[in-house]
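Let's take a friendly walk through a protein model, one neighbourhood at a time. Have the structure open beside you as you read.

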Amino acid sequence: MSRFFRSGDDSSSESSSEEEELYSEEEEEEEQEDESEEEEDEDEEESEEESSSDEEGGKKSGAARFLRGPSNDSESEESDDDTPKTLKSAKDKQIAELESIIDTIEKRQKISDWGAISVEFDKLNRQAAKISERGQTPKLYIKALVEIEDAMNETISKQKVTPKKMNATSARGLNAVKQKIKKLKQDYQSQIDAYRQDPLDFLASDEEEEPPAPKPKKIRAEDLIAQVDDDQEGFSTVGPGGKTLQFTPESIFKHLRGILESRGKKNTDRLEQIKIMEKLYEVAVTPYQQIKVLLTIVSARFDLSSGGSTSMPLEHWKAAEKEISTLFEVLESNREYIVIENAEEWDDDEKPPTLQPGEKYIKIPGSIVSYVERLDDELTRSLQNIDPHTSEYIERLTDEGSLYNVIFRGLLYYENLAKDPSLQTPQDSLNRIVMRRLEHVYFKPSQVVKILEENAWKSVPSGVESTITPRGSVTDATNLLNVLCNYLFVNSEGIIRARAMLCQIYFLALHDEYYKARDMMLMSHLQETIGSFDVQTQILYNRTLVQVGLCAFRKGLVYEAQNTLQEICGSGRQKELLAQGVMIQRYAQVSPEQERLEKQRQLPFHMHINLELLECVYLTCSMLLEIPLLAQTGSSPDIKKRVISKTYRRMLEYHERQIFTGPPENTRDHVMQASRALAAGEWKKATNFIHSIKIWDLMPNTDEIKTMLSKQIQEEGLRTYLFTYAPFYDTLAISTLSSMFELEDRKVSAIVSKMISHEELAAALDQVTSTVIFRKGVELSRLQSLALTLSDKAAQLIETNERTLEQRTQGTANAFDRRGGQNQRGGRGAGQRTGRGGPRTGGTGQRQAGGTQFTGGVLSGAVRG
């Protein structure tokens, strides 16, 4: 019988009542849809479709119903008449799904399949989160957490006493469940404790029906506009799930824990996390909350530049510097809180730590020195990536003053911690921060260092004092360097100690203390072990060596300067060795990783040593040493040839091969033309070439350096003249040499006496007549020198010919016998000849086989006759 022809019996009333209940449930579900997430909307729509498809078969009308077969009609009629109809709301279905997940977990617990339990546990947490968003947390979920924790503890205790180990999958699942339960317990600790005290009483309230949620009132447009006007920005921070985040002092640690857990994960918005932490710091009340938020936000800012090639954004660097300074202020005003590396993490987010009886400090885990070092490294990386010839570089460089203040405050903080031996402050942390302070000072002039120190003390409260560098006691930059370096000499070892020594040597050389710097360099013996240090220390060693050489040049010590600079400048790799640029070798293959490391090692531009000035000093010193040496070996070939600078010799030979040489254009051309003029005895011309080099203006005391160079060129010009023209003189007056080179008679006598004592000049100095008497026969003339050279080369040629002949004849005794059976020795020129080119006479008259007959010549004929 068709449903449409039924009378109004009980079934029709039941169906009408069921439809009313369905409509009421649908209205309730529509009210709850505004508060639920998109996932719940999809679940409710599926549940409504399922319920309508299962229980509203009679409602379907039209073609959809009459297209079905008679069997389906009969089955639907029987089901309508026989089976009772029950409707389940979306909440009931979610509870049922929760129960099924718990049932699956219990089954897996019986076989200890913790890998599957971990997967099901994740489903359980997601399902419980969905239900919790409608109202309270389900009691079944709390019960399941307790049971899983008990099962987990039982399994762990069994594993400790059982020799058989758990497989890798179950072990990973057990560890994952352990970590998840540890986190979840912090959120549901009060409910878990209530369940453990009385499980029956806790679950009894589960069946109580929750009152229906009131219908939301319609918001008028006027109220909405007023609400937006009250909020200045008109926006609020929305967390995952679409809920508005509420920042209160009680929720600070919960938010921080969530941020720390998401740190390092993919698709994490770091900038949004930083904004959240800035708002958390605004609502922080206690010093503990402020310190924890500051430590976390500084770490988050450093995460923005995780790559090695990218630098930290400028605004975040300045914010991090400001937050570290604020951290120091909070720690100084609340001395009972200390941030130290060896402290334990406090796990309880609800209850902050308090001072226990017998303790003086509340320890918070963290590393101030790591923050200071990272801030310093980020500034260096930023300066590396900025064009040094722009105003942006100068503006960025002004931040070094604020960075030095942070380093100084950090040093004072660690000094304060070191005063209490019970804290066991690591000495390495103090050494590292002292080294950072030293590295910002050693390459600067003393005036700049003094300004840095004065500004640093201004930012420190008057009650804070330093034990290493007391206030007002270190007014001179040299004393400051000595104090810092001596502290590191006593309390450190290895690389830090070596770097401190190199920094002090560099500073002494920069301030013209050559002999102190040289003695420290020699006593340190670093030149023997520098190969075993790291690359940064080797770069610092090269910089120090170059600075010592420049200092020797400013002092007028040409030989010492050239000898010191030879190792760096003679290699042709000054840029690479001083970390001032990447050298591209012609045949070298550099991998991208090596190139990236090379770029990271580059020094900022303001720390560079001028390479053009360095080359000018090196070539000038080489000229003053090589030109007299060339003149000496040219006039006395018996002296063993010696090369001081191969680089300079190569440049000089290349310049002499030039057919036409124009006016000098760069530093190298000036030095080469000055060398040719000095070799020809034109010392004034050489002086003009050297003085016209504009790079000397970059050195301090330019006039004094030019005067020193003029004096050196005059002296070396005199030595070159004596070496070149000594064979042509019998006697030479001192006054003549003095007028030629515009030197004092005493100076000329001193130079000549030194040359005689070193056996460089074969002469005697007559003090009565003030003349130089040259000894003849000792030094060879030009013709004699060339003759000796020719004889030496001829002797070498004869030895070569004899060696070649011996190899071809294999050392046989009858090499010159070309007549079979006769052991007669012939020689070159032997044979009978009437004259050069004349007809041959004598000989045997019979030609030997081989095409050439050896007759022996005139001497052979005379012997035979």
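Three strands make up an open sheet in the order β3-β5-β4, and their pairing is antiparallel. At the edges are β3 (731-733) and β4 (763-766), each pairing on one side only. From one strand to the next, the twist averages 20°. Helices (H or I, at least four residues) and strands (E, at least two) are DSSP runs numbered from the N terminus, and two strands pair if DSSP finds at least two bridges between them.

This is a predicted model, in which local features need pLDDT of at least 70 and side-chain atom pairs count only at pLDDT 80 or more, while totals for chains, interfaces and linings use all residues. Residues are numbered from 1 along each chain as its sequence is written, and side-chain values use heavy atoms, leaving out hydrogens and water.

Back at the sheet, β3 pairs with β5 (residues 771-774) in the antiparallel sense over 3 bridges. Here leucine 732 stands opposite valine 772 in β5. Helix α34 (residues 734-741) touches β3, β4 and β5, and its direction makes about 60° with that of β3. Helix α35 (residues 745-757) touches β4 and β5, at about 145° to the direction of β4. Such angles run from 0 to 180 degrees between N-to-C directions, with axes fitted to C-alpha atoms, for helices over the stretch in contact.

Now for the aromatic rings. Rings of Phe, Tyr and Trp (its six-membered ring) pair if their centres lie within 6.5 Å; planes under 30 degrees apart count as stacked, over 60 as edge-to-face and the rest as tilted. By this rule the count comes to 14 aromatic pairs. Two of them are shown here:

| Pair | Type | Centre to centre | Angle between planes |
|---|---|---|---|
| Tyrosine 721 and tyrosine 725 | tilted | 4.9 Å | 45° |
| Tyrosine 721 and phenylalanine 741 | edge-to-face | 5.9 Å | 65° |

Tyrosine 721 and tyrosine 725 both lie in helix α33 (residues 702-725), 4 residues apart, about one turn of the helix. Tyrosine 721 in helix α33 and phenylalanine 741 in helix α34 are 20 residues apart, and their pair links distant parts of the chain.

Which of these residues are buried? Tyrosine 721 and phenylalanine 741 are both buried, whereas tyrosine 725 is partly exposed at 35% relative accessibility. Buried means under 20% relative accessible area, exposed over 50%, and partly exposed in between (1.4 Å probe, protein chains only). Ring pairs link Tyr721, Tyr725, Phe728, Tyr729, Phe741 and Phe774 into a cluster.

Key
Contact means heavy atoms within 4.5 Å.
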